[in-house]
Amino acid sequence: MGKRGSRSQSQLLNTLTKKQKKHLRDFGEEHPFYDRVSRKEAKPQICQLSESSDSSDSESDSESEPEQVSGYHRLLATLKNVSEEEEEDEEEEEEEDSIVDDAEMNDEDGGSDVSVEEEMAAESTESPENVALSADPEGKEDGEEPPGTSQTSPEEFTDAKHESLFSLETNFLEEESGDNSSLKASQDPFLQHVNKELKEKAIQAVATNPKTTHELKWPILGQLFFSSKFQKLETFKPPKDIDLKSLHLQKPLESTWTKTNSQFLSGPQKSSSPFTPLQKELFLIMNSYRDLFYPERTALKNGEEIRHVYCLHVINHILKANAQVLGNNSRRRSQKFGVGDDDDFRDQGLTRPKVLIVVPFREAALRVVQLFISLLEGDSKKKIIVSNKKRFQGEYGSDPEERPPNLKRPEDYEAVFVGNIDDHFRIGVAILQRSIRLYAPFYSSDILIASPLGLRTIIGGEGEKKRDFDFLSSIELLIIDQADIYLMQNWEHVLHLMNHMNLLPLDSHGVDFSRVRMWSLNNWSKYYRQTLLFGALQDAQINSVFNKYCVNMQGQVAVRNVPMTGCISHVLVQLPHVFQRMEAENLASVIDARFNFFVNKILPQYRDAVMSHTLIYIPSYFDFVRLRNYFKKEELNFTHICEYTQKSGVSRARHFFLQGEKQFLLFTERFHFYKRYTIKGIRNLIFYELPTYPHFYSEICNMLRATNRGEEATWTCTVLYSKYDAQRLAAVVGVERAAQMLQSNKNVHLFITGEK
């Protein structure tokens, strides 16, 4: 048996590419994305399973046991023993990889035992060779080693060659930059923001002051809520016409922005304004240095439009900040020793990084950097200098041939998972006048672009020896884009990041304290930090981050448009929807209340064999584990699919559910987010909790059409909700109907029939 087991592991090992092997060995984590889809429709592989395999019979699992040990972990153990000689033979590996990849593309879907997570890891997370920056953000001397040497691995690469060229301490303002008149203008919002001095009493009063709010309606953004914990709350309305000069854009942005943004402008609008109506209103808020939460950013509709405008704001901020430092360098050099007040030259923070952009995938980071280059270059004949550009395009770009040609998914799925969808990366960017330095060490960077996972691995946790978060101490502009996707990745990484923002650094990092602004020395940086939060939905966890961690002295602006019609109108099947309300004493007790309500009130109605083909949709993985263990304990006839289920297990579960051999199918939301499989054979739907994404509700309901065998009259759909699900409920059924359901103190049973 031992030889046979080792032979099967060896066969699995041989089917992996070199990138997959390195990822499994170095990261040891799985990533739920990406199937290799064959050109033929594969039949599920049916195996004779023991009674304890999926659900039914006695298992010794405890309530807290998440998953059985899979072949993935056995394979990982095998990878750790790979000989050095095998790894050094790169050319043979690459030739074998190309053959294996071709063979895998031609295999049928059901014929592979490789888990879903291994495939996702191979395609989504790529290999650690592509990690942009080492866990050492300082960029020590080993960064000077050329790529490929034995002392420095590719993931530790930082650009050490251009340190003096991009140093703010040793450079001066170029003459062609003019007299820096925009910085001298008293109306410049950048200068007004950084030069505004807070008093100790105002800071102390923030903890006790009630938040004052004011509601306004703007033409495009809709309902805006201005709020602040500081005494004076100022609001404004957008002007009808906007002049670029009034925005105080730094050179060369006035000329380059129009060309960069031309793809979104057409007809008369192109000549009248360089902004779209949405961009105009967003940039007016950004340029006022208020915090902003915009929950209507979608990859299909306006994602790129918004990315363009916040990149303009970032470059404008960095150019002004660096111009101020370089201008003061020139002034200090021209003055005699001892002349002048040192307070006149306080123009920077405790560390150099000023902007942090958090994006979910490498493709998004690639587009951001490309926009930076376009904004600095424009249509000028003189190209700007971009160091390490070729390396960056290789590590953050993607090969179109890597994506299966017959992968058919919804449009929103294609828009989100486009290009390189590796979610573990971080890169420093330094900008000095008309030059860009990619892969700059963190403490020599102006802009940091990273994923939550990439930041989490460098910030570390309590008790870890090698951890660093000083580079977050002087962040003046934080942009969290596509925040909803982090709910599907790991929201804890976002919370961990926010808890480490703008803390006093543990090391000086060579800073000249005579140049540090007083509010930074006083540890008041968080009151000067602007946070821009973009997402696709209103969610309680995202709202909590905005309300708790955004304390900008300029105030906060949140867009709060209520959905008048819910996504239930997109359900195309004749289906009665029964919404059952459960009661919970407080928010902390909702999880237990939902479980008890389901076990005692809902599940008994579906235990009868007549109620077969029941799919239970579960948004939370923790709820999924709890239900799965309960179903095993009660020896119910069920199967399950989650983001950690092996591919062969997914095929078996879908087959057994379709054929009626399993009465229940436990189905997680995260699996649906990453895979979007159509589950056939559904007759009864139970939403254990309302979906995070509202359109998932109609997608799941419309799956009943996949197997239409004249059973429409017996179809059912049951939804559990509580008063704490107000936002999700309104997104599904509409705000008016949701208000009626939440006002009732009794369990509400609503029968809603979707239209064809």
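Glu699 and Arg676 form a salt bridge, with 3.4 Å between the closest N and O atoms; the term applies when a side-chain nitrogen of Lys or Arg is within 4 Å of a carboxyl oxygen of Asp or Glu. Glu699 belongs to helix 26 (residues 694-702) and Arg676 to the loop between helix 25 (669-675) and strand 16, so the pair ties together parts that are 23 residues apart in sequence. Helices (H or I, at least four residues) and strands (E, at least two) are DSSP runs, numbered from the N terminus. Arg676 is buried, its relative accessible area being 9%. Here buried means under 20% relative accessible area, exposed over 50%, and partly exposed in between (1.4 Å probe, protein chains only).

The model is predicted, so local features need pLDDT of at least 70 and side-chain atom pairs count only at pLDDT 80 or more, while totals for chains, interfaces and linings use all residues. Residues are numbered from 1 along each chain as its sequence is written, and side-chain values use heavy atoms, with hydrogens and water left out.

Further salt bridges come next. Side chains of opposite charge can pair when their charged atoms come close. The structure holds 25 salt bridges. One of them joins the side chains of Asp188 and Lys320, at 3.0 Å from N to O. This pair links distant parts of the chain, 132 residues apart: Asp188 is in the loop between helix 7 (181-184) and helix 8 (189-195), and Lys320 is in helix 13 (residues 303-334). Both ends are buried: Asp188 has a relative accessibility of 0%, and Lys320 has one of 1%. In the salt bridge of Lys383 with Glu377, the closest N and O atoms are 3.8 Å apart. Here Lys383 is exposed, at 56% relative accessibility, whereas Glu377 is buried, at 15%.

Rings of Phe, Tyr and Trp (its six-membered ring) pair if their centres lie within 6.5 Å; planes under 30 degrees apart count as stacked, over 60 as edge-to-face and the rest as tilted. A pair of aromatic rings is described by the distance of the centres and the angle of the planes. Phe226 and Phe236 make an edge-to-face pair, with 6.1 Å from centre to centre and 70° between the planes. Phe226 is in strand 2 (residues 222-228) and Phe236 in the loop between strand 2 and helix 10 (253-260), so the pair ties together parts that are ten residues apart in sequence. Phe226 is buried, at 1% relative accessibility, while Phe236 is partly exposed, with a relative accessible area of 23%. Elsewhere, one aromatic cluster is formed by Phe361, Tyr413, Phe417, Phe673, Tyr674, Tyr693 and Phe696.

Rings also meet charges. A charge sits over a ring if NZ of Lys or CZ of Arg is within 6 Å of the ring centre and within 35 degrees of the ring normal. The charged end of Arg332 sits over the ring of Phe345, 5.6 Å from its centre, and that of Arg391 sits over the ring of Tyr439, 5.8 Å from its centre.

Turning to the strands, five of the five residues of strand 10 (residues 530-534) are buried, so this strand is largely enclosed by the rest of the structure. Gln530, Leu532 and Phe534 point one way from strand 10, and Thr531 and Leu533 point the other way. Two strands pair if DSSP finds at least two bridges between them. Strand 3 (residues 291-294) runs parallel to strand 10 and is joined to it by three bridges, with Leu532 as the bridge partner of Leu292. Strand 9 (residues 477-480) also pairs with strand 10 in the parallel sense, over four bridges, and Leu478 stands opposite Thr531.

Strand 16 (residues 684-687) has Asn684 and Ile686 pointing one way and Leu685 and Phe687 the other, and all are buried. Strand 13 (residues 614-618) pairs with strand 16 in the parallel sense over four bridges, and strand 17 (residues 716-721) pairs with strand 16 in the parallel sense over four bridges. Asn684 is the bridge partner of Thr614, and in strand 17 the bridge partner of Asn684 is Thr716.
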